[in-house]
Amino acid sequence: MSTQLRGLPAAPGVATGVPWIYRPPAPDEAARLSITDAADAAAAELERLAGRLRVDGRPDEAEILDAQALMAIDEELLAAAREREVGGLAPAAAVVAAGEAVATTFEALEDPILSARAVDVRDVAGRIARHVTGAPPPQLERRSIVVAADLAPSVTVELDRALLAGIALERGSRTSHAAILARALGIPAVVCVPRIVDASAAVGELAIDGDSGLAVLDPDDVDRDRLAHAAAAASSRRAADEAFRGRPLATSDGHRVQCMANVGDPAEAVVAFAAGADGIGLFRTEFAFAGRATGPAEEEQAEAYARVLRAAGDAPVVIRLADIGGDKPLPYVAIPEEANPFLGIRAIRLADTHPELFATQLRAILRASLQAGRAASIMAPMVADAADVAAVRRLVDEARSAVPDAPSPRLGIMVEIPSAVLLADQLGATVDFMSIGTNDLTQYLLASDRTNPRLAERQDPLHPAVLRAVARVVEGAAAHGCEVAVCGEMAGDPAGAALLVGMGVEELSMDPTAFGGVKRALADRSRTELEELARRARELGSAAEVRELVAIR
Amino acid sequence: MAEAEVEVRNPSGLHARPAATFVRAAAALPIDVRVTNLSRDPDKSVSARSVLGVMGLGVARGHRIRLGADGPEGEAAVATLAELVASGLGEDVGGV
């Protein structure tokens, strides 16, 4: 009997093999080399592996290994290790402990790129320890799926590529180096698979689908067939999507929909326009606030926003006010501990206690607009009712009196709290646009915590309740000429996009990688067909039934 | 004591690659330069020769760092590293 675990897709393709659980070797008492000599050997080994990556045409990953070679001979790491050795630890254990201490401090860094380097630090320490004891490097013996909590790129490189069928990680992310390298080398990979390390220990075979994120333990013939079909379908889908990437987003009868991008920093905005975005539908500004001791200065923010406006030319740009909350505390925003941060003091609810945070951000947006000679649209997250809109408008008005020459901004709200759905006909009279955040709306509407993987099945935004909510917002807004956009993941899902356009949504904002698939999904259906499809979908009983009805992948 | 302050403009701050470039340059200098991330923890300084120390400062784009060194060669050493950081450590940091 097979078991399925659902993670996230990281590198496309299907792979089957014996699970090979990678754990850094446990340091033993043996000491064939001194810590210093072992460190030199580890550094030389890492440089050699970096060279192998350069030959493979992967200079970016090679540089990670070069940096690791420097870590291996880092005097502070080695001094800490020797200190522990003097304290009575065996030399290999001393190196591992010293590396662990550094890795832990890395993990505490707010910057996700740097904190993700903890895996490289642990790899370096484990490597030095291995050279201390003289143990051989890890080796695959059969065609294997490498299973680990997380994986340093150096391990992927040193394993025998002919036997390395796939990678399944309990942690990691699509943007981790393990995932990037797997994609580059054409090795299927899944990440964030719950319990995969423990679950793999007792199985003889493991199959992964790097397009869907699925891991199947002890797959049977039915699983195998299904995976093979899925792999073939995914590969032809990717090729077909690619052909649509540069075309406009429109239905078969020429009804044009704005194809907007969700971006998280100015550099991503540049990438989005290169990918053919009609504008920026959601510019998340949290990047400016994370990873620092004090709040970002007005000039610093203004410069970042102006860069996005310049990248956009005349295209629309929607800047969302900071969505900060108790789930990711910042040193300069004191939020008392909350039992439910997602239902707590979050986003504009912070304006009561930290008005200066938003006042500064609003002035920065206006200054950027003034600099760029064009207005940015301003969007407030977590608006519950008209009182919230009024509070935001007061803040905007105050900022405008501080920057009187700035062009007048359009003001909009995120619709993600169910109360805003029910009040859409009221709120539509008070703002220029609404953008539905389907991820949070689904979480709140279905009372299903987004961060709880066991509720993953209950997070599908194609649920009829979410569809009805969207229809209600469109209807409520239409009476006032208020525009409606969708910026949740649903907009980037071809099936979701088809339903949204069928319900009258005129702007879809998504990750630029989704452009091709969404454009292709809309191109062979008329607006009338989509309207009928959405009408029928709203009458169904579950998200699964809606997916079956729409049947676009 | 020679000191210089410089803003890090690399898109992802001092992550692995630029940190390695920085540390290699520091290792080639005759004296040790201390680095502080003023935007994050002004009280903590690390050796510019320690890649783990430099990465552990959590320097993100837009952060200001201080470089400091003692002795007669301090001024030149600090200037060398400050210029290297300002130039983007081999990464494209674009115009303003």
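Q: What makes the span of helix α18 (residues 464–478) of chain A close to the expected one?
A: This is a predicted model. In it, α18(A) has 15 residues and reaches 21 Å from its first C-alpha to its last. The expected span is 1.5 Å times one less than the number of residues. For α18(A) that gives 21 Å, so the helix is close to expectation.

Q: Which residues of α18(A) are called buried, and why?
A: They are V466(A), L467(A), A469(A), V470(A), A471(A), V473(A), V474(A), G476(A) and A477(A).

Q: Why is strand β11 (residues 317–320) of chain A said to be covered on both faces?
A: Look at each side in turn. V317(A) and I319(A) lie on one side, V318(A) and R320(A) on the other. All four are buried, so both faces of β11(A) count as covered.

Q: How do you know that β11(A) pairs with strand β10 (residues 279–283) and strand β12 (residues 377–380) of chain A?
A: A pair needs at least two bridges. β10(A) and β11(A) have 2 bridges, in the parallel sense. β11(A) and β12(A) have 3, also parallel. Both therefore qualify as pairs. I280(A) stands opposite V317(A), and I319(A) stands opposite I378(A).

Q: What makes β1 (2–7) and β3 (45–47) of chain B edge strands?
A: The order of the open sheet is β1-β4-β2-β3 in chain B, with antiparallel pairing. β1(B) and β3(B) each have a single partner strand, so one side of each is left without a neighbour in the sheet. From one strand to the next, the twist averages 25°.

Q: What makes residues of chain A and chain B count as in contact, and how many do?
A: The C-beta atoms of two residues must lie within 7 Å. By that test, 25 residues of chain A are in contact with 23 residues of chain B. Elements giving two or more residues to the chain A side are α2 (59–72), α3 (75–86), α4 (91–107) and α5 (112–115). The largest share, 6 residues, comes from α2(A). The chain A side divides into 13 nonpolar, 2 polar and 10 charged residues.

Key:
Residues are numbered from 1 along each chain as its sequence is written. Chains are lettered from A and ligands numbered from 1 in the order in which they are written. This is a predicted model: local features need pLDDT of at least 70, side-chain atom pairs count only at pLDDT 80 or more; totals for chains, interfaces and linings use all residues. A residue is buried if 20 or more other C-beta atoms lie within 10 Å of its own, exposed if 12 or fewer, and partly exposed in between; C-beta atoms are placed from the backbone. Ala, Val, Leu, Ile, Met, Phe, Trp, Tyr, Cys and Pro count as nonpolar, Asp, Glu, Lys and Arg as charged, and the others, Gly among them, as polar. Axes are lines fitted to C-alpha atoms, for helices over the stretch in contact, and angles run from 0 to 180 degrees between N-to-C directions.
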